[in-house]
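Here's a quick tour of a model, written for someone who likes cut-offs spelled out. Have the viewer open while you read.

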Amino acid sequence: MAQHTAPPQKVNLGPGFWPVAIGLSIFNIIATYFIVTWDVNGFLPEAATPAGDIDFLFKFMAVFGSAIFVYVTGFIVFFAIAWRRRPSDAPDAIGIQVHDSPKLEFWWTAIPAVLVVILAFFSVRIWANLQQTAGDVLTMESIGHQFKYEFRYPTLKQSVYDDMHLPVDTPITLHVTSADVIHSFWVPEIRLKYDMVPGLVQTMRFTPKKTGAYRIICTEFCGTNHGNMLAALHVDTPAQFQQWLAKQAKTQTQGSGPVALAGGNAASGQQLFGQKCASCHNANGGFDAKIVGPGLGKLANDAAHPQLVTGEKPDADGISHVLIKGYQGPDMSQGKSGASLGVMPNRQANALSNGDIANLTAYLLSLSQKKS
Ligand code: CUA
């Protein structure tokens, strides 16, 4: 019954095909107008080059994507209605069988092919520009940690955490990597996103163009506190940036005097613990009540962990040493093959004064006494 080789015939496109095609075209022109004139910069600031290039590529893709969407879905709906099954049709009626349409097939192959080539041209050009921006005027590093961003500046001895400052109009080369699991470095206003992968250094190049505060967001699920892994990016004027840098350098050389642990105030220490330590350490349980680092509620009287991770005694001195120097490496209370527990930043990274260290030490020791 079904004929497989129909003689050439004029295909009836259905009632109202051309008015619908014209309607879809008008709709598409309106959509294109809104896409082209949409002020992306007003919606999400273009705070650095190459944000403008990337927005251009986005609009270019959106214009053609919307045309394809409008015509494809528009005609699917139209044909479904125009050629729907009618009550008068025979029970075994089948639709018009169309085989081969060389002309149509040529165009639906040629047009997308040309579009993809144009798209590839723009994408590759923007990508190539990213690889060879002029001048490493400021070259620095960012390292992802569970759950913070570390920033290394060429003129600072110590790292800075969760607070990045950059001078405006200065070409930046930023090397990103990770110390533990895969994180990512995304600043929506720069329009660049790079994964931070352990053992792999990737290079981002951009030039901040607008002063202001932006967010650096981790977009790679990296553990329980992934959702809180945010850092601030401040694009400063060159003068502000130099000021900030000088201030950092100064605080980093401070606090080298001896720490007097006597007179530490546990209540002040508790407050500070909430601000600086609680995202990684639990104050309400023993060693195994981990968040990132070990639980600290039984620091001085945990039979299963008679030593600190540094291998030192859990007394005021030992605790203060960890607060001062930070710690990274195996859990030395279990010997050299003990599990690594991530990075405990040092006093500079946590901005702890001598008084802060005495207060935190007093607080941590008070926890153990309460529970013994
Ligand atoms: Cu780091 Cu998600």
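Predicted model: local features only at pLDDT ≥ 70, side-chain atom pairs only at ≥ 80, totals over all residues.

## Ground rules

Residues are numbered from 1 along each chain as its sequence is written, and side-chain values use heavy atoms, with hydrogens and water left out.

Helices (H or I, at least four residues) and strands (E, at least two) are DSSP runs, numbered from the N terminus. Contact means heavy atoms within 4.5 Å.

## H1 against H3

Two packed helices are described by the angle between their axes and the distance between the axes. For helix H1 (residues 17-37) and helix H3 (residues 51-82), the axes come within 9 Å and cross at roughly 155°. That makes H1 roughly antiparallel to H3. The axes here are lines fitted to C-alpha atoms, for helices over the stretch in contact, with angles running from 0 to 180 degrees between N-to-C directions. On that scale, under 35 degrees is roughly parallel, over 145 roughly antiparallel, 65 to 115 roughly perpendicular, and the rest oblique.

On the H1 side the contact includes Phe-17, Leu-24, Phe-27, Asn-28 and Ile-35, while H3 brings residues including Lys-59, Ser-66, Val-70, Tyr-71 and Phe-78. By type, the residues of this contact split into 16 nonpolar, 6 polar and 1 charged. In that scheme, Ala, Val, Leu, Ile, Met, Phe, Trp, Tyr, Cys and Pro are nonpolar, Asp, Glu, Lys and Arg are charged, and the others, Gly among them, are polar.

Zoom in on Asn-28, which is found in helix H1. Is Asn-28 buried or exposed? At 11% relative accessibility, Asn-28 counts as buried (buried means under 20% relative accessible area, exposed over 50%, partly exposed in between, using a 1.4 Å probe and protein chains only). Setting aside neighbours within four places in sequence, Asn-28 is in contact with Ser-66, Ala-67, Val-70 and Tyr-71. The C-alpha atoms of Asn-28 and Ser-66 are 7.3 Å apart, although the two are 38 residues apart along the chain.

## H3 against H4

H3 also packs on helix H4 (residues 102-131), with axes that come within 10 Å and cross at roughly 170°. That makes H3 roughly antiparallel to H4. Among the H3 residues in the contact are Asp-53, Phe-56, Phe-60 and Met-61, and among those of H4 are Leu-115, Phe-122, Ser-123 and Asn-129. Here the division is 11 nonpolar, 2 polar and 1 charged.

Met-61 lies in helix H3 and, at 44% relative accessibility, counts as partly exposed. Met-61 and Ala-289 are 228 residues apart in sequence and 50 Å apart in space, C-alpha to C-alpha.

Which residues have the most contacts inside the largest nonpolar core? In that core of 38 residues, they are Tyr-153, Met-164 and Phe-185. A nonpolar core is a set of buried Ala, Val, Leu, Ile, Met, Phe, Trp, Tyr and Cys residues joined through side-chain atoms within 4.5 Å. Not counting residues up to four places away in sequence, Tyr-153 touches Met-140, Val-160, Met-164, His-165, Phe-241, Trp-244 and Leu-245. A second, separate core of 21 residues includes Leu-352, Ile-357, Tyr-363 and Leu-367.

Ser-320 is found in helix H7 (residues 316-325) and is buried, with a relative accessible area of 4%. Leaving out neighbours within four places in sequence, Ser-320 is in contact with Leu-261, Ile-357 and Thr-361.

Now for the torsions. The peptide bond from Thr-49 to Pro-50 is cis, with omega near 10°, and Pro-50 is in the loop between strand S1 (48-49) and H3. Another cis peptide bond joins Gln-146 and Phe-147, with omega about 0°; Phe-147 is in the loop between strand S2 (138-145) and strand S3 (148-152).

Asp-169 is not a glycine, yet has a positive phi of about 60°; look for Asp-169 in the loop between strand S5 (163-167) and strand S6 (172-178). Arg-191, also not a glycine, has a positive phi of about 70°. Arg-191 is in the loop between strand S7 (183-187) and strand S8 (192-196) and is buried, with a relative accessible area of 14%.
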